[in-house]
Amino acid sequence: MHSEREESWRAELSALRAQDLWRELQVLQPAPERGPPTFVGAQGEPLLSFASNDYLGLSAEPALRDAAIAEIQQGGVGAGAAPLLGGERPAHAALADALARWLGVEAVLLFGSGYLANLGVISALVGRGDRVYADRLNHASLVDGARLSGARLHRYRHGDMTHLAQWLERGGRGQAWIITDGVFSMDGDIVPLPELATLARQYDAGIILDEAHAFGVLGLEGKGTVAHWNMKLHEVDVIMGTLGKAFGVYGAFVAGSQDLVDLLRNRARSFIYHTALPSALAVAAFAALDLLRYGDARRERLTQHRQHLRAQVPDAPWLASETPIQGLLLGDARRALAVSAQLRTAGLYCPAVRPPTVPADSARLRITLSAAHSHDDIELLAAALRGIL
């Protein structure tokens with residue numbers, strides 16, 4: 001029996017190789033003379049990364065590092081327990097309060113990661129007999145959360161509000177929830193939130209909005225998609241954000257009403273049963289918040305980088321995006337791997353993204369820009385892409 005299992009595993013691995021879908025971990029060491037986005041690869045080669053979600057370049061900020069070190073020296077590394085069983089520290093409460101004031105919501109609840117937050121929110125709020133309407137290009141954590149909830153899952157065409165309206169019109173029993181990313185992680189485009197909110201009101205549906213790739217990048221003070229569209233917070237029921245992208249740290253949070261946070265604290269299994277976020281990360285995120293709020297110069301640099309890259313390689317098959325996520329659609333997985341390998345030879349790290357992360361025949365380079373990149377970095381990437389494409 002054991003050998004039969006092993007054989008089935010080997011067959012599956014062989015199929016992945018044959019389809020150019022084989023994946024391996026890439027070990028990168030931050031270059032000591034500069035730090036991110038410059039790294040040293042496993043073979044010792046210098047690499048300029050265009051694959052990080054550190055959009056504002058905060059991960060290497062001395063203020064974050066110093067805050068984390070001071071907290072570790074005072075209280076150790078790990079929290080040692082679940083939040084409800086002694087893992088909560090003053091740093092967690094201070095961060096949650098600061099995030100709530102920044103967004104203008106009643107309360108915030110911290111989670112260990114964005115994946116845990118999405119699973120916890122959806123499982124706590126949505127149940128069997130309810131209806132979930134999800135954008136087809138939602139992040140995997142949103143899809144998995146909807147599936148695990150036992151609700152009836154309806155996936156509408158990406159960004160297609162007419163298709164969403166058709167699904168909502170059919171109605172059904174139970175509560176209705178619309179679940180969507182604010183900025184879509186692979187395409188980099190922005191959800192048409194005003195139209196979506198209008199449909200939610202019309203059909204009495206709640207909205208769960210994943211702002212992982214929007215916070216820090218979009219809107220006044222980096223407040224995300226709601227601010228980008230000049231909407232009111234009460235038009236969205238649940239907002240999820242991560243601390244591991246524009247914040248440059250790790251962890252996640254859910255923001256909304258006090259009743260929402262109280263319910264999640266008592267019902268979200270991925271909160272109740274997870275070890276609390278290390279307090280060193282909480283104080284680092286607290287330090288990052290001010291840099292993010294008042295980071296207009298960093299956000300402007302991101303805009304300049306995006307505009308310059310697209311102007312320098314105008315004929316490339318770019319996906320439409322006003323965010324740091326710049327998708328270069330190559331279609332075939334083998335071609336995407338080949339272009340990624342050529343860029344790596346030129347000292348540029350930009351891994352290929354292939355199915356099932358993206359739909360079939362839409363393999364791409366997911367080029368992510370950072371305020372930590374210099375103008376010369378963008379020039380290097382543009383010149384390499386022109387030579388390859």
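Student: How far apart are the mean positions of the positive and negative charges of the protein?

Tutor: Lys and Arg count as positive and Asp and Glu as negative, while His and the chain ends are not counted. Each charge is placed at NZ of Lys, CZ of Arg, CG of Asp or CD of Glu. In this predicted model, the mean positions of the 37 positive and 42 negative charges are 4 Å apart. Residues are numbered from 1 along each chain as its sequence is written.

Student: Which peptide bond is cis?

Tutor: Most residues other than glycine have a negative phi, and most peptide bonds are trans. Here the bond from Pro355 to Pro356 is cis, with omega near 5°. Pro356 lies in the loop between strand S13 (352-353) and strand S14 (363-368); strands are DSSP runs of E with at least two residues, and helices are runs of H or I with at least four, numbered from the N terminus.

Student: What is the phi of Asp20, and what is that of Asp204?

Tutor: Asp20 has a positive phi near 60°, and Asp204 has a positive phi near 55°. Asp20 sits in the loop between helix H1 (2-18) and strand S1 (29-30). Asp204 belongs to the loop between helix H7 (193-202) and strand S8 (205-210).

Student: Is each of these residues buried or exposed?

Tutor: Buried means under 20% relative accessible area, exposed over 50%, and partly exposed in between (1.4 Å probe, protein chains only). Asp20 is buried at 19%, whereas Asp204 is exposed at 69%.

Methods
This is a predicted model: local features need pLDDT of at least 70, side-chain atom pairs count only at pLDDT 80 or more; totals for chains, interfaces and linings use all residues. Side-chain values use heavy atoms; hydrogens and water are left out.
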